[in-house]
Amino acid sequence: MAGRVMLYYFNGRGKLESIRWLLTVAEVEFDEIYITTREQYEKLLSDGALMFQQLPMVEIDGMQLIQSKAILNYIADKYNLHGKDLKDRVMINMYSEGLIDLMEMIMILPFIPDPKQKLDEIQSKAKERYLPVFEKVLSGSIYLVGGRLSCADVQLLECTLMLEEKLAGILADFPNVKSFQGRMTQIPAIKRFLLPGSKRKPQPDATYVKTVMEVLKMKLPLP
Ligand SMILES: N[C@@H](CCC(=O)N[C@@H](CS)C(=O)NCC(=O)O)C(=O)O
């Protein structure tokens with residue numbers, strides 16, 4: 001198991017995409033095993049690889065890690081993307097948790113029957129609750145916490161790109177966030193990740209939704 005990092009998930013963004021982003025920024029090479037059938041998922045279950053019977057699972061440093069936030073924190077700690085001390089870290093975690101809340105709203109759009117209503121809710125929450133926070137923090141600093149790059153910066157970039165895919169022009173009233181995006185996309189590893197053919201996943205399509213639903217035996221509407 002030791003050796004290259006191996007990711008187990010669907011061939012799509014979901015709860016793994018932020019981990020792909022963070023590994024990329026940390027310049028860690030990784031491989032992926034795409035779960036495309038119920039049998040593959042059941043095999044992982046019977047092997048005891050999925051503690052809470054959920055994906056994603058990441059093999060790293062001889063461990064099988066589950067829970068996406070725990071995995072993000074491990075990578076952030078290991079690769080010095082989690083601030084210089086406890087006080088930095090709690091701020092980074094606060095920003096991260098907010099961004100994850102927002103990204104999870106976008107993530108479920110393809111699985112819900114009335115995405116228009118949900119998208120309107122995302123737009124108002126993004127503009128009134130989340131983006132103003134980051135606009136303010138970035139008015140006086142290049143990065144979100146402690147003047148250095150952290151996992152929260154990486155998630156903010158990911159999240160703002162996701163927002164713009166769904167709501168073009170949403171950053172118009174947030175010039176500091178837009179400039180931040182411009183700076184972040186100049187980081188060489190990120191520049192490469194944003195090019196076609198990288199390990200970054202596209203927006204979810206019907207095939208992705210169908211695979212997730214079949215593998216997990218999900219039924220609509222979601223609870
Ligand atoms: N808190 C977990 C949630 C993981 C999760 O909900 N995974 C979904 C796929 S995206 C899953 O495996 N669902 C199956 C189930 O809950 O039975 C995490 O962030 O990793």
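Guide: A polar contact is a pair of N or O atoms within 3.5 Å. The model is predicted, with local features requiring pLDDT of at least 70 and side-chain atom pairs pLDDT 80 or more, while totals for chains, interfaces and linings use all residues. Residues are numbered from 1 along each chain, and side-chain values use heavy atoms, without hydrogens or water.

Around the ligand stand Tyr9, Lys15, Gln54, Leu55, Pro56, Gln67, Ser68 and Leu216, each with a heavy atom within 4 Å of it. Leu55 contributes a backbone N or O atom, 2.7 Å from a ligand nitrogen atom. The side chain of Gln67 places an N or O atom 2.6 Å from a nitrogen atom of the ligand, and a polar side-chain atom of Gln54 lies 3.1 Å from a ligand oxygen atom.

Among the helices (DSSP runs of H or I, at least four residues), α6 (residues 151–166) packs against α7 (residues 175–184) at about 110°, with axes 10 Å apart; axes are lines fitted to C-alpha atoms over the stretch in contact, and angles run from 0 to 180 degrees between N-to-C directions. The pair is therefore roughly perpendicular, a term covering 65 to 115 degrees. Asp153, Val154, Leu156, Leu157, Thr160, Leu161 and Glu164 of α6 meet Val177, Lys178, Phe180, Gln181 and Met184 of α7, where contact means heavy atoms within 4.5 Å.

Helix α1 (residues 17–25) also approaches α6, their axes coming within 10 Å and crossing at roughly 125°.

Technical notes. Helices (H or I, at least four residues) and strands (E, at least two) are DSSP runs, numbered from the N terminus. Angles under 35 degrees count as roughly parallel, over 145 as roughly antiparallel, 65 to 115 as roughly perpendicular and the rest as oblique. A polar contact is a pair of N or O atoms within 3.5 Å; within protein, one must be able to donate a hydrogen and the other to accept it, and residues adjacent in sequence count only if both atoms are side-chain atoms.
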